[in-house]
Structures are given as C-alpha cells and as structure tokens.
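I opened my notebook to record what I looked up in this structure. My entries follow in the order in which I made them.

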Number of protein chains: 2
Amino acid sequence: MKKGNPYGIHRVLEPKGVLPQPALKIDNNMEIYDNEILIDVQTLNIDSASFTQIEKQANGDVEEIKKIMKGIVAERGKHQNPVTGSGGMLIGTVEEIGPALKDKTDLKVGDKIATLVSLSLTPLRIDEILDVRKEIDQVDIKGKAILFESGIYAKISKDLPENLVLSVLDVAGAPAQTAKLVKPGDTVVVLGGTGKSGMLCLYEAKKRAGITGKVICIGSRDETIERAKKANLADVYIKANATDAIEVMEKVSKATNGKMADIVINVVNIPNTEMSSILSAKDDGVVYFFSMATSFTKAALGAEGVGKDVTMIIGNGYTKGHAEISLQIMRESPVLRRIFEELYA
Amino acid sequence: MKKGNPYGIHRVLEPKGVLPQPALKIDNNMEIYDNEILIDVQTLNIDSASFTQIEKQANGDVEEIKKIMKGIVAERGKHQNPVTGSGGMLIGTVEEIGPALKDKTDLKVGDKIATLVSLSLTPLRIDEILDVRKEIDQVDIKGKAILFESGIYAKISKDLPENLVLSVLDVAGAPAQTAKLVKPGDTVVVLGGTGKSGMLCLYEAKKRAGITGKVICIGSRDETIERAKKANLADVYIKANATDAIEVMEKVSKATNGKMADIVINVVNIPNTEMSSILSAKDDGVVYFFSMATSFTKAALGAEGVGKDVTMIIGNGYTKGHAEISLQIMRESPVLRRIFEELYA
Ligand SMILES: NC(=O)c1ccc[n+]([C@@H]2O[C@H](COP(=O)([O-])OP(=O)(O)OC[C@H]3O[C@@H](n4cnc5c(N)ncnc54)[C@H](OP(=O)(O)O)[C@@H]3O)[C@@H](O)[C@H]2O)c1
Ligand SMILES: NC(=O)c1ccc[n+]([C@@H]2O[C@H](COP(=O)([O-])OP(=O)(O)OC[C@H]3O[C@@H](n4cnc5c(N)ncnc54)[C@H](OP(=O)(O)O)[C@@H]3O)[C@@H](O)[C@H]2O)c1
C-alpha cells in the first residue's frame, strides 16, 4: 500500500507541487493510500454560492444540473465549482481505514460521518446522481470519496435529524469561535445576528457573556429581528444597514452609552461592512470577520484610516470541537432548534 | 467656528453619509472646524503603488507627474489615486489647532509632524509643486492639509534625519505589532524577513523572543539573505519561494525539529502566500498577515481545508505607540540604521 502525505499532496495531478485545494485536477482513484479513509457517499451538501451558479447555468433543469455536476467531477476529480471556486461538504459511511491511521483515529468502519473539509479538495467519484433537492442545495448520490489524514469530520449523532446536523455543521466555525472568544461581562455586537450563523453566534455570546454582559443583534429586516426577539437571543436589537458605517456606529454607541463593543462578530453576507464593524468596537477591542465578503485591504486600511487599535481576525472555519459546540446548541435550545428545522432542514 | 465630527465626516461632499476614505470628493477648504488641525505641508510621501502608477501614466515626465497629482487633488480634495485607491503620508508644520482640541492634544503650533493616516482621506490643497524625487516617491510642495481629531501623527524628533523617519514610519505597524505579540521563548517565522518591514520585524522578534526563542528569516534571494545575516537579524535563514507552501513548510519543519512556529509574520509583497504561512504555524499558533496582497478567502478557506486551528490576524497599520516603537529601532541598531539609510532614505 502506498504511503500518503497528511495533506493529500500525493493525489495532486495538476499543477504538481500545490495542495489539493488550489490544484486543478486531483486523482480520484478509490484505492486508498495508507493514511486515507474511504467513504461511501450518501449526500453532497453543495456550497450555496456554487449551487446557485450551477442551477442558474442549468436554467433550473434537474437533468442539466446533474450533467454539470458530473462534468465538474470528471474534469477535476473533486466537486470544485470552476466559477465560484467553492465546494461544500458530504455525508457518508466509513468503508475502509488506512492501516497507518487505524490507531490514530476514533473512527471505525460503518460510522456515519459528515466531512468538514471542503469538497473543493476532496477526491470524489460520482457513479449516479439519485436526487437533487434544490431548495436546500443537497444532492443524493451513489459514489465514493477520500478523506485525507488532516481532514476533519464529525460523527453523525443519532439524536438529531441528519438534515439539521448538516445545516448546523455548515456554519459551525462561527459559533464555536464566538464561544472561545467571549468572556463574562463582555459587550458583544453580532452584525448579521438575524441570519443562520448569526443566531448561533448570539446564542453562544449570550451564554458566555452572562448576565453582566450585553449582547447586541443587528439585522436589516423587521421580520428577522422579530424572529430573533421571540427566541430571546440578545439583550438589544438594532435595525440598521450594515454598509452604513455611521448609522451602525451611532446606534451601537447609543446602545452602549458610548462605550462600544468589546467584541464584534461580522456574519453578514454582503460586501462593504468592514467599517461598520471596526467603528462598533472599542479601542483594544476585537473584530471577528466571518463573512466571506470581507475585503482584507478594506479592513486593514480602514482601521488605520480612523486610527483604531483593534485586533481584526480572519474567521477560521475550523477550530477544535467546532462541530460538537454548534450541535450542542440544537440540544440546549428547543426554540433555536425549531427555527433551524423550519428554515434550513 | 463650526463643530466637526472626530472622523471628518463633516468634510464629505460626495457621496453623502460615507467616511472620508471611501468618499469620492471631500471639502479641502482650509478654514478649520473646531476639532481640526491645520498643517503647512512640506513633503508628500506618495504610496509606492500609487506613485508607480502615476509615473507610468506620465511616461516618467516630471511636469506630467505634477499635472496628474494636481488633477487628483483638484478633483477629489485629497491625494487618493483613482486607479490604486491608495494615498501616502505627509510631513509638515502645525499651523493652527482647533479650540476643541487644544487641551486634548500634545501638539502645539510650530511642531513638525508626519501624519500617519493615509493621504487618501486627508483634505489637501496644493499651491505649487516644488520638487519631485522619483527614486523615493517623495514630492515637496507648497500647500496645506487638515488632520481630523481621530487622525494619528508622529512628532518628528530632531535626532534622526527626516527621510529616514519617513521611510520607517511608512511600515511602522508591522514591527510594533510584532513587538506586542512575541513572547520570550517563542519560535517566530518572518516570511519576507529580508524586506523593509521584514527586517524591522526580525529585529523586534529577536529582541522579544530572547535567547530561549528562535527567529527564522525567509527570503527568496541570496543577496537579501546575506544582508540580513550580516546584520545578525535572525537565528535561522531560509531561502525559499513563499508561494510554494510545501517547500516552505518542509524547510520550517526542518529548522524547528517538526515543531513549527508559534507566530508567523507575513510581510511579503506578492500574492498566494497564505498557505505557506498557515502551514508554517503550529496548531494554536498565530499568523499575522501584513501583506496587502493577502486574500481573505484564501486564508479562511485554506486553514479550514487543512483543518488547522490557527488564529489569523489582519495586520492593522496602526497600533498605539507604533511610531515610537519603530523609530526606536533606528536608535538602538546602528547596523539596521545604516541599511535603511542606504536603501530607503
Ligand atoms: N468562515 C466560516 O467558518 C463561516 C461560518 C459561517 C458563516 N460564514 C460566512 O458568514 C456569512 C453569513 O452566512 P449565513 O449562512 O449566516 O448567511 P445568512 O443566513 O444569509 O445571514 C446573513 C445575515 O446578514 C444580514 N444582512 C444582510 N444584508 C444586511 C444589511 N444590509 N444590513 C444588516 N444586515 C444585513 C442578514 O440580516 P437580515 O436578514 O435581517 O437582513 C442576516 O442576518 C457568509 O458570508 C458565510 O460565508 C463563514
Ligand atoms: N498593514 C501595515 O501596516 C503594513 C506595514 C508594513 C508593510 N505592509 C505590507 O507588507 C508588504 C511588504 O512591504 P515592504 O515595504 O516590507 O516590502 P519589501 O521591502 O519589498 O519586502 C518584500 C519581501 O517579500 C519577499 N519576497 C518577495 N517575493 C518572494 C518570494 N517569492 N518568496 C519569498 N519571499 C519573497 C522579499 O524577499 P527577497 O527580496 O529576499 O525576495 C522581501 O523580503 C507589503 O504588501 C506592504 O503593503 C503593511
């Protein structure tokens, strides 16, 4: 059996010497290396930006969607959308574990898992597409995939429905980082707190900031703010346009008696919200950017431009225990669980 | 006298409601508001990307460069290059201080200062361009500028030559953040350690990591590595291509006996170096991205893709005391001072 590299570099075909994610083509032969895990795939959860693009290109036609998806995997050996560059995740069952990994992993053959590394770097073979669920970007297939030694995953626990698990794991990084960051007494602003990751972040922030803290939810629509209010996710609710830095700053100032926030979590899904995040933080505060629409230069130059000494963090989708932390919310909070089941599962 | 906003919002003409940096046009009337400082400008230090663009557009002709620069300020009320979006900084003498600021600032009329907020948001009037020093992107003018209440600056101390001060202040953020971050015993990698900000970061890293720490300099050319070696700036020197994540990772692994770095400082000036930075850090390590060529999504998705729990920070050009910290290096290290005088002043 061939020895593999932890990051899967041994599977890269083109261009040589890069990692599997930036690679144009990787080897999706399903004979495993000594440190790989073979997965019998059940469902692909396609990244929302990627699925929207494919659906549009296919004019909504399901057979055409299938053709495009198969074409991507045939060309690249992985489901990485060539337009958006993004992937998604998958659910499947462990079929084989490489001997070099056997003693290092807590997995065993037959375990059902969700992979938490992107499909954009996961060797995949699609034998047949069984069902396309357009509303939730999920596709059932017959096929196999490979998980590298460095690849992360979550075991699917039996007490939660699979679709719920998938939709929570999709945004697991943000609430887990929030949980690690927020301390008792902190004032926390969640910009985009009314959204999917936002509601999970609010929940963790409130739990960690405690009764001496203050958690502020910012959204742009009455309807979504009402939903968060009913679930009692925050202490203060602000309706504001996240691209209007001055409006946001003034409203946060009012809500904090001019003190501003210790921690600002940005989970909006639109560009040009860097300045409202920076100006909502106090000096020496922390701004956590999870939004993939964040611009590095706008954040770096923006903070310098207003002479603001804030620590700005690039949201890392992975942190230890992120799957457990976020799934635990679904067990602890019946009201959030109901919202998630209604909206996303 | 009219009351001003700390961020200078009162000067924004177009579009209304944004901050001075993203604004297309700001008011450069030199009658000050109550919280502004009027500066008699001596020298503009144009951002390198901006100056290169202007010089090219002018085919290197000095009169044409002057015309373009005056045109920018006439149109925008500030020297923000419409192609690169960037500004620069200036040196001048305090001419007037608004009454609302008098008791809050340590400045007095007649002080010589460098502004540390970008020219891209600074109201400026150019009466005459006296001299264009193409080699170092500096332009002497007759003119005035406004510093907002939130605007940061450094007093020019008399013990260091002005050109040296300007060239150090240009990159002051990186060494100052390094100084705050590195603790005794840390292993620190400076990717691009052979460059302008890189050498200052190495100096601070070595000072803070101490004899129990290890500071690793990575550059791509024999000549620049030799220069850093002669100045004894690091403990280990690695020649590698920063865009080759695997090469960098393996060389850092060798230099650290597989332990990797506690802190990685990225100060290269080219794109696609996110993965080599991430893979050089140990789990729970910190990666500090100063390079303006950093891509937010490449960093965020890259770390997730390899399941690496690292904290990734967006380099903030400003941190308290950054001017003092970086200028102090020029006083402490005669060898670095000589290098800076030769190369950049
Ligand atoms: N790196 C990671 O691990 C990670 C993890 C999770 C999420 N993310 C990123 O985080 C972002 C959010 O993801 P999501 O799934 O939570 O999206 P989502 O459910 O669509 O939420 C988007 C949020 O943005 C708010 N918003 C949109 N326009 C706004 C405006 N003009 N002013 C104020 N708020 C506005 C929405 O509020 P209203 O509905 O009230 O307008 C909503 O709260 C995405 O960019 C995603 O890629 C990254
Ligand atoms: N946010 C802030 O406050 C702040 C502050 C300072 C700097 N910066 C940013 O930091 C970056 C560097 O600025 P600088 O003035 O220090 O630039 P610089 O003097 O030109 O240095 C660039 C460095 O990158 C290295 N480099 C270039 N290509 C490389 C490659 N393929 N492999 C390895 N190393 C490579 C160079 O090494 P060799 O010469 O050995 O090839 C050199 O050490 C810029 O993007 C700047 O905007 C930001």
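Entry on ligand 2. I found an oxygen atom of ligand 2 at 2.8 Å from a backbone N or O atom of Lys196(B). I count such a pair as a polar contact, that is, two N or O atoms within 3.5 Å; within protein, one must be able to donate a hydrogen and the other to accept it, and residues adjacent in sequence count only if both atoms are side-chain atoms. In the side chain of Thr194(B), an N or O atom lies 2.7 Å from an oxygen atom of ligand 2. I also noted a polar backbone atom of Ala242(B) at 2.8 Å from a nitrogen atom of ligand 2. On its own, ligand 2 has 930 Å² of accessible area (Shrake-Rupley method, 1.4 Å probe), and the protein covers 81% of this area.

Entry on method. The model is predicted: local features need pLDDT of at least 70, side-chain atom pairs count only at pLDDT 80 or more, and totals for chains, interfaces and linings use all residues. Residues are numbered from 1 along each chain as its sequence is written, chains are lettered from A and ligands numbered from 1 in the order in which they are written, and side-chain values use heavy atoms, with hydrogens and water left out.

Entry on the shell. I recorded 22 residues around ligand 2 (a heavy atom within 4 Å), and Gly195(B), Ser197(B) and Ser220(B) are among the closest.

Entry on chain A. The side chains of Lys196(A) and Asp170(A) form a polar contact of 3.3 Å.
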